[in-house]
Amino acid sequence: MSNTKIPGLSFSLKRALGITALKRRFTKATGIPTTKAGIERKVGEAVIDKIFGKK
């Protein structure tokens, strides 16, 4: 949902401040996801690898 009442026009403070780009660079450089779903996926994969061995 956008902050304005004009259809098709939206504004993101995070993108304007560069937080989105900073998070993307961090993720690409370290391989550590910054989203909740990404962290859950990575942890789940590690647990499965420990239980069943490496792929």
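Trainee: In which helix does Val43 lie?
Mentor: This is a predicted model, where local features need pLDDT of at least 70, side-chain atom pairs count only at pLDDT 80 or more, and totals for chains, interfaces and linings use all residues. Residues are numbered from 1 along each chain as its sequence is written, and side-chain values use heavy atoms, without hydrogens and water. Helices here are DSSP runs (H or I, at least four residues; strands are E, at least two), numbered from the N terminus. The one that holds Val43 is H3.

Trainee: How does Val43 count in terms of accessibility?
Mentor: Buried means under 20% relative accessible area and exposed over 50%, with partly exposed in between (1.4 Å probe, protein chains only). Val43 has 49% relative accessibility, so Val43 counts as partly exposed.

Trainee: How far does H3 reach from its first C-alpha to its last?
Mentor: H3 covers residues 36-52, which is 17 residues. The expected span is 1.5 Å times one less than the number of residues. For H3 the expected value is 24 Å, and the reach is close to it, at 24 Å.

Trainee: Which residue follows H2?
Mentor: H2 takes up residues 19-30, and its end C-alpha atoms are 16 Å apart, in agreement with the 16 Å that its 12 residues should span. The residue after H2 has a positive phi, near 80°. That residue is Gly31.

Trainee: Which residues does Ile32 touch, not counting those up to four places away in sequence?
Mentor: Ile32 lies in the loop between H2 and H3. At 45% relative accessibility, Ile32 is partly exposed. With contact taken as heavy atoms within 4.5 Å, Ile32 touches Phe26 and Thr27.

Trainee: What is the radius of gyration of the chain?
Mentor: The chain has 3 helices and 0 strands, and its C-alpha trace spans about 55 × 20 × 15 Å along the principal axes. Of its 55 residues, 5% count as buried. A compact globule of 55 residues would come near 10 Å (over C-alpha atoms, 2.2 Å times the number of residues to the power 0.38). The chain has 17 Å.
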